[in-house]
Structures are given as C-alpha cells and as structure tokens.
Amino acid sequence: MSMIRDLRAVVRPSRVSLRKELPTATGGYTTRTPARPSAVVDCAVYRDGARLPSDRPITPQEAMRQVRRDGGFVWIGLHEPTEDEFAGIATEFGLHPLAVEDAVQAHQRPKLERYDDSLFTVFKTVHYVEHTELTATSEVVETGEVMCFTGRDFVITVRHGGQGSLRALRHRLQDDPELLAKGPSAVLHAIADHVVDGYIAVADSLQDDIDAVETDVFSPGRKGSPRGTDAGRIYQLKREILEFKRAVSPLLRPMQLLSERPMRLIDPDIQKYFRDVADHLARVQEQVVGFDELLNSILQANLAQASVAQNEDMRKITSWAAIIAVPTMVCGVYGMNFEHMPELHWRYGYPVIMAITGVICLGIHRTLKRNGWL
C-alpha cells in the first residue's frame, strides 16, 4: 500500500511548461534555445534509481554507449523532432522505421505496438482551456501527443504540442530512486498515469461546463438568449467532448494489454500498477460517453423548446388574426355601399355596430386566453 501511495505521488499531474528554460544543473537541457536549437529536451543516464551527474549535456549516442558499458538505462526526451533530427537516434537505438515515421509525423491514434526489442506507445495529452464564458466558438480542450519508445535499457519520449510537459514528472521520478530502479517500464507507467490523471482533471472541468449549459437550458421561467445561441454552445461543447473521446477511448485497450498480458520489457512489479491506470481510464471513458449522451439529450431538449416557442408564437399570431378578422369583416360589409344597409340611416347605428364588433372581439379574446392561446 505504501508503494502505491508513493507511486501516485510521483505521477501527479503538473502544469509546468518547458518553454523558455535554460540548461539544467544536472546536465540536461530543457528546450530549444537560440544557442542550441535541438529537439532534445533532456538526455540522462540512470543507474540504480539515480541520475548520473554530468558537467555538460550529453548526447544520446554518448548516453547509450555509457549504458551499454556500465549498465542502467537512458531516458531521452524530445519535442517535435524533424525527420533528420530523429534519424540518428533511431539508428543508434534500432527503432522500427514505421514507429519512427509515426513519432515524427504525429497526429496518431493512441495505441500500443510491439516490435522485437521495444514497445511503441502513443498517448494523447488533453489540456482544459480556461474560459470565462462558454460560447459557440469557445475552445474547451486542447490536445497534444506523447510517444514513448520503451526498450530494455532506454526510454525515448517524443512530445508534440505545447502541453504535456514531462519535466516535472521526470523530477518526481528522480526523487523516488526505489521506483526509478525498476527501469524503463517504471517510466512508461508513470507517463501513462500522468496522462490519465490529466484526463480526470479535464473531465471534472467539463462536468462544470455541462452543468452550466444544462442549468441554462432547463432553468424554469428563464427568458432565454437569442434563438440558436444555446444550440450553438451545446454543439460546440459536444465537438470538444468528441475530441476528448478520441483521446480516451482508443487508449483503453493498450492499458488493458499492459496490465494483463506478460511482456518481457515490463517489470512484473510494475505491471500490476497498470491495472490501476486502466481502471481510472475506464472510469473516464464512462464519463465521456455519459457526457456525449447527456449533451445529446440537452440538445434535443433545446430544439424542442425552440419548437414549442415557435408554436406559441404561431398560436398568438393566429389568435390576433382571428380577433382582427371581425372588425375587418364588418368594415368590409359596410364598405360595399349597398342601398339597403342595416341601420344605415339610424342615428345610433354606427356606435351600436362598433359596440357589437368590440363585444365580439372581446369574447374571442377571452375564449382564446382561457384556452391558453394568448
């Protein structure tokens, strides 16, 4: 149980960004700078759960030679590498060309692929975009990608997008030598748990947006916003939920494989913790499916309300047309200028006819009012 608590503490999500940071004192460097325009974010050798110190940033080739000579494993982090920048690393570590192509091109579906000496895992990172008010054009979720090559003595992470930094996660793992000593599979689990915990946070924030939309649509006696505004907001939120769903649903099968099927590259002590990740992911997936269905119901209810409002408007128009039809008919009859008109030469004929017309109109109005048409 203590190990589970320690593990959960290590993989807690972080919003720390890698942008505009300088080389670290431990020998790695955090992002591209004018002085070093490299895709490598950090490169370090780990042995017995500790990061080996270095007085200068080491190259992936130097790190791999050191690992093969003295043992341990190397963790290389890259951010949006080009094909040329990744070619040397792919050759050095013997990465499969198909996996390399996916890592460089990005826009991949979450998946787990097994090659002879490595695993290739794709994660979709999701970030909730804060907004003061949800509109029909609001961006609610922002996605990125983290690809992970896991071998016997190396981990290579490739990140695409501005979100999903792994720097804080790396530091937390370095603070837990016992866990990091489990090797590359411990890093893979930590990344998976980090990503899924991010999903949980996003799902909680989306729940607040859905609750707000639901309250607006179903508030009793609300005067409402201009017609179509609510439908636009609901549809936009549904699109963002769909984007979130594309990140969550395909990842469920890979997590189940990592937690249920023995793999020689995954430490048996670490494999059991993938079950916890798979369980959390299944819960998020259920939430996302529920969000989608709920938004469908809210959208249908909103459209039904619009139809009801239109029907009420039409009934009111029809009612007033019926009332106005009475004086129109009377005026039309008297406008024919027949010689023998009722009460034509009677002194009180005009006010009497007008009074009768008013009484008939009032009677029609009260009847329609009583029946709910006005």
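**Surface and overall picture.** I started with the surface: the protein exposes about 20000 Å², and carbon and sulfur atoms supply 54% of that area. Accessible areas here come from the Shrake-Rupley method with a 1.4 Å probe, and for residues only the protein chains shown count as cover. I noted that this is a predicted model, in which local features need pLDDT of at least 70 and side-chain atom pairs count only at pLDDT 80 or more, while totals for chains, interfaces and linings use all residues. Residues are numbered from 1 along each chain as its sequence is written, and side-chain values use heavy atoms, with hydrogens and water left out.

Next I checked burial: 45% of the 374 residues count as buried (under 20% relative accessible area; exposed is over 50%, partly exposed in between, with a 1.4 Å probe and protein chains only). I also looked at contacts (heavy atoms within 4.5 Å): of those with a separation of 6 or more, 69% are between residues 24 or more positions apart.

**The sheet.** I found 11 helices and 7 strands (DSSP runs numbered from the N terminus: helices are H or I with at least four residues, strands are E with at least two). The 7 strands form an open sheet with mixed pairing, in the order 2-1-3-7-6-5-4. Strand 2 and strand 4 stand at the edges with a single partner strand each, so one side of each has no neighbour in the sheet. Two strands pair if DSSP finds at least two bridges between them.

I then followed strand 6, residues 141-151: 9 of its 11 residues are buried, so the rest of the structure largely encloses this strand. Strand 5 (residues 118-128) runs antiparallel to strand 6, with 11 bridges joining them. I picked out Thr121, whose bridge partner in strand 6 is Cys148. Strand 6 also pairs with strand 7 (residues 154-160) in the antiparallel sense, over 6 bridges, and a hairpin connects strand 6 to strand 7 through 2 residues. Phe149 stands opposite Ile156 of strand 7.

**Around Arg51.** Which side chains does Arg51 reach by polar contact? I looked for N or O atom pairs within 3.5 Å; within protein, one atom must be able to donate a hydrogen and the other to accept it, and residues adjacent in sequence count only if both atoms are side-chain atoms. The side chain of Arg51 meets that of Asp42 at 3.0 Å and that of Gln174 at 3.2 Å. Arg51 sits in strand 2 (residues 50-51) and is buried, at 15% relative accessible area. Strand 1 (residues 40-47) and strand 3 run antiparallel, joined by 6 bridges.

**Two positive phi values.** Most residues other than glycine have a negative phi. I noted Glu80, not a glycine, with a positive phi of about 45°. Glu80 lies in the loop between strand 3 (73-79) and helix 3 (83-93) and is partly exposed at 36%. Ala106 also has a positive phi, near 65°. Ala106 is in the loop between helix 4 (97-105) and strand 4 (111-114). Is Ala106 buried or exposed? At 8% relative accessibility, Ala106 counts as buried.
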